Amino acid sequence: MFAGLIVFSSIRYEQKVKFLFELFDFNEEGTLHYENLALMLFNIQNAAYKIYTLDKNANQAEVESFLEEYFTEDSEISLEKLIRWTLRVDAIGSFFKATGH
């Protein structure tokens, strides 16, 4: 749920991505591995459903299918690259527009 609170907060977009990155960089290596990125997106989606009080749960297979369009399972991404990637991907931009932020 914390991931959703970050997404729906009024802080700047780059700060949101940074907070999320740091939250899911469990090993503090400065990169997110594919599985951590998938977990981050899964948690954001679940939190959005709860915030909007939708009777729905995120689907891990759908999250992974989305990520597979851009990454392989052995991929890792830095904060800077994550910010650039999220700004380029229409589905992510649409999500943030829908949250009003």
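The largest pocket is lined by 20 residues, and Leu41, Ile44, Gln45, Ile92 and Phe95 are the ones that lie nearest its centre. On a 1 Å grid over the protein atoms alone, a pocket is an open set of points with protein on both sides within 12 Å along at least five of seven lines, while a cavity is a set where a 1.4 Å probe fits but cannot get out; lining residues have an atom within 4 Å of a point. Keep in mind that this is a predicted model, where local features need pLDDT of at least 70 and side-chain atom pairs count only at pLDDT 80 or more, though totals for chains, interfaces and linings use all residues. Numbering runs from 1 along each chain as its sequence is written, and side-chain values use heavy atoms, with hydrogens and water left out.

**The largest pocket**

- This pocket holds about 450 Å³ of space, with volume taken as the space filled by probe spheres set on grid points joined across faces, edges and corners.
- Its lining has 17 nonpolar, two polar and one charged residues; Ala, Val, Leu, Ile, Met, Phe, Trp, Tyr, Cys and Pro count as nonpolar, Asp, Glu, Lys and Arg as charged, and the others, Gly among them, as polar.
- At least two lining residues come from each of α2 (13-24), α3 (34-51), α4 (60-68), α5 (79-88) and α6 (90-98), and α3 gives the most, with six.
- Helices (H or I, at least four residues) and strands (E, at least two) are DSSP runs numbered from the N terminus.

- Glutamine 45 sits in helix α3 and is partly exposed at 21% relative accessibility (buried is under 20% relative accessible area, exposed over 50%, partly exposed in between, with a 1.4 Å probe and protein chains only).
- Its side chain makes a 3.0 Å polar contact with the side chain of tyrosine 49 (a pair of N or O atoms within 3.5 Å; within protein, one must be able to donate a hydrogen and the other to accept it, and residues adjacent in sequence count only if both atoms are side-chain atoms).
- Leaving out residues up to four places away in sequence, glutamine 45 touches Ala58, Asn59 and Val63 (contact means heavy atoms within 4.5 Å).

**The nonpolar core**

- The largest nonpolar core has 31 residues, and Leu20, Leu32, Leu37, Met40, Leu67, Leu82 and Trp85 have the most contacts inside it (a core is a set of buried Ala, Val, Leu, Ile, Met, Phe, Trp, Tyr and Cys residues joined through side-chain atoms within 4.5 Å).
- The largest share of this core, nine residues, comes from α3.
- Beyond four places in sequence, leucine 82 touches Val17, Phe21, Leu32, Leu37, Met40 and Ile77.

**Positive phi in loops**

- Most residues other than glycine have a negative phi.
- Glutamate 28 has phi near 50°; this residue lies in the loop between α2 and β1 and is exposed at 71% relative accessible area.
- Threonine 53 also has phi near 50°, sits in the loop between α3 and α4 and is exposed at 68%.
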